[in-house]
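Hello,

Here is the structure I promised to hand over. My notes follow below it.

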Amino acid sequence: MPTHTAIAAIAQGDCNAIQVETEKPGPGHVLVKVAYASMIAFDTYITDLAYAVVEFPVILGLNASGTVAAVGEGVTSLAVGDTVTGFALYGRGRKDGPKGTMQEFATFPVFQCAKIPSNITLDAAATIPDNFITSFFSLFDQLGLPIPSSFPTPSPPADHDTPILVYGASSTTGQYSLQLLRAAGYTNVAATASPKHHAFLRTLGAAHVFDYASPTLPEDVARTIGGDGKFALVLDTITAEGTLARVAQVVRPSGSVALLLPIKGGDDVATDGVMYHTVPEMERNPFAPETKLLYVRTFTYPQNAYLRDNLMPRILPELLTAGIIQPNRVRLLDQGTFKERVAIGLDLLRNNKISGEKLIVKVPQ
Ligand SMILES: NC(=O)c1ccc[n+]([C@@H]2O[C@H](COP(=O)([O-])OP(=O)(O)OC[C@H]3O[C@@H](n4cnc5c(N)ncnc54)[C@H](OP(=O)(O)O)[C@@H]3O)[C@@H](O)[C@H]2O)c1
């Protein structure tokens with residue numbers, strides 16, 4: 001069996017290059033020759049904390065773009081030579097489970113791949129799958145917003161002016177969420193982010209922008225969004241103890257809040273090692289008892305059959321072709337060896353040095 005190079009956490013605190021077998025894709029799967037793979041904070045949770053690891057090694061990465069090299073039995077929608085961007089489910093290091101994308105060849109279920117339209121470059125395409133899926137799943141499944149018949153929606157929802165907050169909107173998930181809400185017809189969407197991102201976030205669809213570090217955030221919101229001055233729906237794209245405390249100040253007691261697990265100790269996506277899976281595990285629950293808390297686990301999205309069959313195969317290529325969704329800004333890691341590129345990325349993530357852009361690793365060919 002031929003082999004190729006992958007970058008994996010081989011033990012807690014140890015990330016290295018390993019050789020793995022280049023497997024033939026199984027039924028319903030495709031093998032992709034990877035050109036670019038992206039990195040997220042989750043890669044540091046695996047490497048530094050062995051978070052959700054059953055067994056090492058764990059190949060890092062959840063997204064990759066590249067060229068289909070082989071198709072498995074029953075695959076008719078993709079062919080060898082197609083350029084695609086794909087999302088890999090997290091396999092926890094289990095031998096027979098899914099593998100990460102930080103490798104020269106990666107296997108995907110065909111329904112987790114999207115063909116890349118010609119207006120999107122391969123590196124930009126690698127920024128999309130995990131956070132785009134997270135945004136769509138959080139808004140249109142977990143928070144229960146109706147999925148429009150097409151994007152942009154031909155008929156805005158009756159409650160189009162319901163106040164919605166995308167907390168941490170400069171994050172990669174936040175940027176896709178703003179664009180999707182605009183395309184779905186929502187007009188009273190607010191974003192919190194550092195002031196340097198405010199003008200850009202308005203271009204993505206934010207009607208109001210707030211500095212999350214403002215000591216007067218609740219008053220700033222109340223003055224601006226109308227009605228009772230609180231949000232009916234919130235997507236907290238950061239989900240740390242500090243962000244939950246701020247969200248609790250600006251959401252209606254009867255409102256709904258989607259949280260991207262895990263809940264981190266501290267106040268950003270880098271973690272101090274403390275992580276929770278529900279708010280009651282925290283020392284103090286900042287929310288009113290009636291506030292609905294939705295714990296988002298993107299890996300479960302294929303349980304929604306409509307999303308499984310449509311989101312990556314059809315909806316994403318349509319949104320990209322029409323320019324309704326623009327990919328995140330790319331911060332390209334293409335210097336040094338494959339292993340060194342990933343090591344630089346892990347360091348940037350663990351030191352909270354990523355702001356408004358996605359880390360993309362050029363995979364050596
Ligand atoms: N459960 C799931 O299924 C799921 C799915 C996807 C992501 N996640 C989790 O969601 C988190 C975000 O992921 P991501 O890849 O979207 O992050 P990211 O793009 O790497 O996040 C970076 C952004 O975080 C913002 N930020 C940092 N501290 C903040 C704070 N206190 N308040 C508001 N914004 C703050 C920064 O904004 P400024 O530059 O404006 O300061 C920066 O732009 C990670 O913990 C990830 O593991 C979970």
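Contact here means heavy atoms within 4.5 Å. Please note that this is a predicted model: local features need pLDDT of at least 70, side-chain atom pairs count only at pLDDT 80 or more, and totals for chains, interfaces and linings use all residues. Numbering starts from 1 along each chain as its sequence is written, and side-chain values use heavy atoms, with hydrogens and water left out.

Core first. A nonpolar core is a set of buried Ala, Val, Leu, Ile, Met, Phe, Trp, Tyr and Cys residues joined through side-chain atoms within 4.5 Å. Buried means under 20% relative accessible area, exposed over 50%, partly exposed in between (1.4 Å probe, protein chains only). The largest such core has 91 residues. Phe132 and Val342 have the most contacts inside it. Helix 8 (residues 305-321) supplies the largest share, seven residues. Helices (H or I, at least four residues) and strands (E, at least two) are DSSP runs, numbered from the N terminus.

Beyond its neighbours within four places in sequence, Val342 touches Ile7, Cys15, Met39, Leu60, Met102 and Val361, counted as contacts. A second, separate core has 23 residues, including Phe231 and Met282.

Now strand 18 (residues 357-362). Five of its six residues are buried, so the strand is largely enclosed by the rest of the structure. Strands pair if DSSP finds at least two bridges between them. Strand 3 (residues 29-39) runs antiparallel to strand 18, with four bridges. There, Tyr36 stands opposite Lys362. Strand 17 (residues 329-333) pairs with strand 18 in the parallel sense, over five bridges. Leu332 stands opposite Ile360.

Best wishes
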